[in-house]
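Please keep the sequence and the model in view while working through them.

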Amino acid sequence: MSGERRFPEGFLWGCATAAHHVEGGNHNCDWWEFEQRGGILTGDSADPACDQYRRFREDFQLLRRMNNNAHRLSIEWSRVEPAPGEFDPAQIEHYRQVLLELRDQGMAPMVTLHHFTSPIWFAARGGWAASGAHEAWLPFVRRVAEELGELVAFWCTLNEPNIYAYQGWVAGEFPPARRGDLRGAYRVLGNMRRGHEVAHGELSRLTPGVPVGIAQHKWLMLPARPGRRRDRFAAGTAQFFMDRWPAGGRWQRVVEAPSDYLGLNHYTGSLVAFSLRHAREGFGHRFNPPGLPISDFDWAVEPRWLRTCLEQLRPLNKPIYVTENGLATTDDRRRVEFLQDALGQVWPAIQDGADVRGYFHFSSHDNFEWARGYSMRLGLIAVDRETQERTVKPSGWLFARIAESNSLPASD
């Protein structure tokens, strides 16, 4: 029996959400318009979601009972700036109350400024694929920093730019639901890079001392047959475009963009085999490694990959926060096991020198999971769709015990 595995003093234990996942009543964004066009595969509606726009106080009090000392959330751009250059003081005041409640409950707010949703007016202009997109976004960033910056513990500019570009312009599962538009995805990534860079500069100027980062998704791409050169090429190509965005004539790793910390979102990985039939995907056929359990997303579940991702970030010598990690399952016993296994990989990564300072489980509540509606259960807290009653799952109380002790139980 080995000893107790303690995490560093001041380690952050929290959950991650996006506004559209949980708030309800968000009718001025591209996802609501997408929903009205039938874009949600389950036919579900994001209204009322978890009704957190009205219930945030009780939700944050419950998270504090679960010993969370931090919370990652997004401020909804389409509420704050409902028309270009027009800012709604009532919505700014709402988010002030949200952040104040987090502070009152002893939780450090990590605020994401773009978590997949955009105002309808911005989308109508072409969204992130349009010329000048980063300039259209900057006034919102500036106004939120000026009005609310003193309550923010961390800024997260963008969430998963590569996933956003792929799902919206290549796979068609996110708005604007384009398929195979590689040029559009390229423009999106270039504009998001510029958006992050200008936001980083403005946030650093307006809120000095508040760390600014980005949440980048790491989907591991592994050669199906490591000894086969073509599979290594296909896996390397897939990883290349999952990890990079265009920057001045070259492709830069997103995690090398200006930042004060690195945010890691990680859920899964794939084996990649070279295939002429998958030319649009870099000649790579992706599939789950045989023998591994899968989530309800049909993603392979391998907690050891989380340690691999953290070790890959270590050479950048920056603080690291796991900004999203979780498991889609209706069987909470699997989530209990997953939490223990995943955190059991974070701890040795820290011992090996990765400067990991926090873990944000995705998600706090069973929520509206984008195009999958309510079919994906990722929360530590169950939400009754009819009554909105909250029930902490066994996995949530496990997380509470780990957070309270800042440690994992001794392992065999």
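1. Aromatic pairs. The model is a predicted one, and the count of aromatic pairs in it comes to 33. One of them joins Tyr359 and Phe399, whose ring centres are 6.4 Å apart and whose planes form an angle of 40°, a tilted arrangement. Tyr359 belongs to strand 14 (residues 356-361) and Phe399 to helix 13 (residues 394-405), so this pair ties together parts that are 40 residues apart in sequence.

2. Burial of that pair. Tyr359 has a relative accessibility of 0% and therefore counts as buried. Phe399, also at 0%, counts as buried too.

3. An aromatic cluster. Ring pairs also connect Trp31, Phe34, Phe116, Tyr164, Trp169, Phe174 and Trp370 into a cluster.

4. Two packed helices. Helix 7 (residues 133-148) packs against helix 9 (residues 182-206) with 9 Å between the axes and an angle of about 25°. Angles under 35 degrees count as roughly parallel, and the two helices are therefore described in this way. The crossing of helix 7 and helix 9 is right-handed. Among the residues that meet are Trp137, Leu138 and Val141 from helix 7, and Val198, Ala199 and Leu203 from helix 9. By class, this contact comprises nine nonpolar, four polar and five charged residues.

5. Beyond its neighbours within four places in sequence, Gln91 is in contact with Tyr53, Arg79 and Val80.

Note on methods:
Residues are numbered from 1 along each chain as its sequence is written. This is a predicted model: local features need pLDDT of at least 70, side-chain atom pairs count only at pLDDT 80 or more; totals for chains, interfaces and linings use all residues. Side-chain values use heavy atoms; hydrogens and water are left out. Contact means heavy atoms within 4.5 Å. Axes are lines fitted to C-alpha atoms, for helices over the stretch in contact, and angles run from 0 to 180 degrees between N-to-C directions. Helices (H or I, at least four residues) and strands (E, at least two) are DSSP runs, numbered from the N terminus. Angles under 35 degrees count as roughly parallel, over 145 as roughly antiparallel, 65 to 115 as roughly perpendicular and the rest as oblique. A crossing is left-handed if the near helix is turned anticlockwise from the far one by less than a right angle, and right-handed if clockwise. Ala, Val, Leu, Ile, Met, Phe, Trp, Tyr, Cys and Pro count as nonpolar, Asp, Glu, Lys and Arg as charged, and the others, Gly among them, as polar. Rings of Phe, Tyr and Trp (its six-membered ring) pair if their centres lie within 6.5 Å; planes under 30 degrees apart count as stacked, over 60 as edge-to-face and the rest as tilted. Buried means under 20% relative accessible area, exposed over 50%, partly exposed in between (1.4 Å probe, protein chains only).
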